[in-house]
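Please consider the structure shown below.

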Amino acid sequence: MPGRHSAATAVGALLALAVAAFAYVTTETLPIGLLLLITADLDVSPSTAGLLVTYYGLVVVAASIPLTHLTRRVPRRLLLSGVLAVFVLTSWVSAAASSYSMLLSARVVTALSQALFWSVVVPTAAGLFPPRVRGRVIAVVFAGSSLAAVLGLPVGTWLGQQAGWRSAFLALSGFGLAAMVTIVACLPTARPGGGHAARGTTPDARRYLTLMAMTILATTGTFAAYTYITPFLTEVSRFPAAATGPLLLVRGVAGIVGVAAGGALVDRNPWAAMLIPVTAQATALLGLYALAGTPVAAVGLVALSGLSFAALTTALASRVLQVAPGNADMAAAGAATAVNVGITAGAFIGSILLPGLGVRSTALVGGLLSLAAVAVVLSEPLVAASGRMSSSFIPLGLTPSLRRPSLWPDPVPGRRWPRGGRRTDSAGRSAGAPCRPQSVPRAAPGPWR
């Protein structure tokens with residue numbers, strides 16, 4: 001793909017994908033900042049308005065894999081421009097909504113388009129450039145989502161307060177429209193399944209499943225604490241309520257640094273790019289539990305938690321494209337589902353901990369879940385080694401399901417396979433030269449290579 005199009009169009013398409021990521025993540029979280037304005041205008045309770053975010057996340061979890069499978073043959077330019085057209089239209093409907101049910105319906109359709117967007121955006125962006133810079137390319141896309149936390153939600157909230165909550169959705173539709181037009185102009189029309197990013201470079205189902213387990217644990221740990229970070233900072237760290245906004249801004253800026261760090265590290269050492277951030281996350285959350293009463297330590301640990309999770313998700317997106325056992329879009333859809341499962345589970349666990357054990361316990365549980373994620377990452381070399389071991393025993397017949405004729409022909413009826421390796425007839429006489437099965441593909445190399 002890169003060879004047939006100029007570098008300028010590739011960069012333009014990449015930036016458009018980053019803008020689209022910014023628009024989607026901002027839209028997903030925007031009702032949090034506009035909650036009181038929406039409740040007053042549409043005459044609903046705050047808890048009911050909060051479901052605009054909850055249902056959005058659930059739709060993304062449920063729809064990512066099925067929608068990706070249904071659209072797997074659609075060219076990426078057509079698919080992404082269509083997804084963004086849906087985003088623009090539903091943003092207009094959200095801005096014009098005269099009732100809560102109308103707004104909720106628009107949000108559900110937006111969530112469906114987001115589910116598909118996150119499943120294909122990473123393989124599409126990676127396919128625009130050579131594999132050696134894949135991590136840095138993905139970091140540009142994730143920089144858009146990180147900026148949504150730093151700028152999108154605060155600015156959208158401010159705009160809603162100044163000009164009404166509907167104006168924020170109209171502004172986001174403008175971002176979506178600009179991204180759509182740029183994608184139509186710059187993104188190559190490629191056959192789905194083509195290019196180096198269409199499939200894993202070192203496919204390994206065991207490692208992919210290990211990554212998904214780590215993702216769920218790490219994301220659950222993060223959001224068990226982050227969902228309730230505002231009461232944590234005010235009740236445990238004793239910050240005034242007015243300071244929570246600047247503290248979250250510090251976390252967001254650290255997240256942008258984490259995106260850049262994760263993208264650069266994963267191109268050099270993919271395994272370390274997973275281990276270092278998840279270890280830093282566990283350190284940050286357990287440190288918050290132990291040192292939250294010290295304001296300076298709390299600020300540093302909040303920043304570290306933002307940096308580590310951003311670095312982890314960026315490295316994860318690149319790592320998934322390396323070990324994807326099949327179609328990269330489906331592997332990315334599985335990763336997006338795992339992240340959203342972790343977000344939902346983390347918020348739910350935190351809500352259970354809050355009434356009984358207090359808000360401080362959310363940092364402890366989040367840290368312990370992150371430690372479990374560290375253990376999963378550390379086990380990845382063992383998983384890879386067990387995969388190589390099972391492959392090495394295939395000629396001995398220890399993996400019957402793989403004993404197809406192309407790998408290991410079955411004995412001719414009436415003959416047996418002696419210990420010495422020569423075929424014999426039923427009387428035991430030699431019936432030919434030693435058999436030599438065809439070589440079996442070895443498992444993917446370890447993370448240290």
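Predicted model: local features only at pLDDT ≥ 70, side-chain atom pairs only at ≥ 80, totals over all residues.

Residues are numbered from 1 along each chain as its sequence is written, and side-chain values use heavy atoms, leaving out hydrogens and water.

**Helices α6 and α12**
- Helix α6 (residues 134-163) packs against helix α12 (residues 295-323) at an angle of about 130°, with the axes 9 Å apart.
- That angle makes α6 oblique to α12 (angles under 35 degrees count as roughly parallel, over 145 as roughly antiparallel, 65 to 115 as roughly perpendicular and the rest as oblique).
- The α6 residues R134, G135, I138, A139 and F142 meet T313, T314, A317, S318, L321 and Q322 of α12 (contact means heavy atoms within 4.5 Å).
- By class, this contact of α6 with α12 has five nonpolar, five polar and one charged residues.

**Helices α8 and α11**
- The axes of helix α8 (residues 205-226) and helix α11 (residues 270-291) come within 11 Å and cross at roughly 25°.
- That makes α8 roughly parallel to α11.
- L211, M214, A218, G221, T222 and A225 of α8 make the contact with M274, V278, Q281 and L285 of α11.
- The contact of α8 with α11 has seven nonpolar, three polar and no charged residues.

**Helix α13**
- Helix α13 (residues 328-357) has 30 residues and spans 42 Å from its first C-alpha to its last, close to the 44 Å expected at 1.5 Å a residue.
- Just after α13, G358 takes a positive phi of about 90°.

Technical notes
Axes fitted to C-alpha atoms, helices over the stretch in contact; angles between N-to-C directions. Helix = DSSP H or I, 4+ residues; strand = E, 2+ residues; numbered from the N terminus. Nonpolar A, V, L, I, M, F, W, Y, C, P; charged D, E, K, R; others polar. Expected span 1.5 Å × (residues − 1).
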